[in-house]
Amino acid sequence: MRIRRLAVENWRGLTHSLEDLAPGLNLISGPNQSGKSRLVQALRFALFESTSGQSAHKKALETWGTAPGKPRVAVDFELGETDWQLEKIYLDRVCTTRLRNSNATLDGEDAESRLAELL
């Protein structure tokens with residue numbers, strides 16, 4: 001799998017995008033409290049955590065002290081010969097996952113199931 005782009009909004013106070021990630025190793029650096037760990041957490045959630053449910057570890061993603069916005073993560077990746085776009089919005093009332101490639105768009109639990117198969 002090659003990750004091409006990672007974008008987060010309202011992710012524990014972070015809104016940021018990493019565009020055009022290079023093949024191989026990419027280095028994320030910055031001072032303490034700048035969001036490096038939050039980006040890695042968002043990537044882990046995108047790939048391995050369903051958007052359904054409102055457990056405590058998901059509620060901890062909310063941004064405090066600002067206008068409410070749902071934590072959102074988007075990942076563009078290449079797997080085999082196929083380019084995929086994944087978007088997840090957490091703490092919504094329904095499973096808010098969308099997985100797309102050039103041939104199909106899957107939403108909700110169908111998208112979560114297909115992502116699990118791919119990984």
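Which backbone nitrogen lies 2.7 Å from a polar atom of the side chain of N101? The backbone nitrogen of N103 does.

## Basis of the report

This is a predicted model, in which local features need pLDDT of at least 70 and side-chain atom pairs count only at pLDDT 80 or more, while totals for chains, interfaces and linings use all residues. Residues are numbered from 1 along each chain as its sequence is written, and side-chain values use heavy atoms, with hydrogens and water left out.

## The chain as a whole

The protein chain has 3 helices and 6 strands. Helices (H or I, at least four residues) and strands (E, at least two) are DSSP runs, numbered from the N terminus. In sequence order the pattern is β-β-α-α-β-β-β-β-α. The radius of gyration, taken over C-alpha atoms, is 14 Å, close to the 14 Å that the globule rule gives for 119 residues, so the chain is as compact as a globular protein of that length. The globule rule is 2.2 Å times the number of residues to the power 0.38.

Of the 119 residues, 35% count as buried, where buried means under 20% relative accessible area (1.4 Å probe, protein chains only).

## The sheet

The 6 strands form an open sheet in the order β2-β1-β3-β4-β5-β6, and the pairing is antiparallel. Two strands pair if DSSP finds at least two bridges between them. At the edges stand β2 (14–18) and β6 (105–107); each has a single partner strand, so one side of each is left without a neighbour in the sheet. Strands of a sheet pair through backbone hydrogen bonds, either parallel or antiparallel.

Strand β1 (residues 2–11) pairs with β2 over 4 bridges in the antiparallel sense. Within this pair, A7 stands opposite S17 in β2.

## Helices on the sheet

Helix α1 (residues 36–48) packs on the sheet and touches β1, β2, β3 (72–79) and β4 (82–89). Contact means heavy atoms within 4.5 Å. The direction of α1 makes about 105 degrees with that of β1. Helix α3 (residues 108–118) also packs on the sheet, touching β3, β4, β5 (96–100) and β6, and its direction makes about 55 degrees with that of β5. Axes are lines fitted to C-alpha atoms, for helices over the stretch in contact, and angles run from 0 to 180 degrees between N-to-C directions.

## Residue N101

N101 is found in the loop between β5 and β6. With 17% relative accessibility, N101 counts as buried. Leaving aside its neighbours within four places in sequence, N101 is in contact with T82, D83, W84 and Q85.

The backbone nitrogen of A104 lies 2.8 Å from a polar atom of the N101 side chain.

Terms used:
Buried means under 20% relative accessible area, exposed over 50%, partly exposed in between (1.4 Å probe, protein chains only). A polar contact is a pair of N or O atoms within 3.5 Å; within protein, one must be able to donate a hydrogen and the other to accept it, and residues adjacent in sequence count only if both atoms are side-chain atoms.
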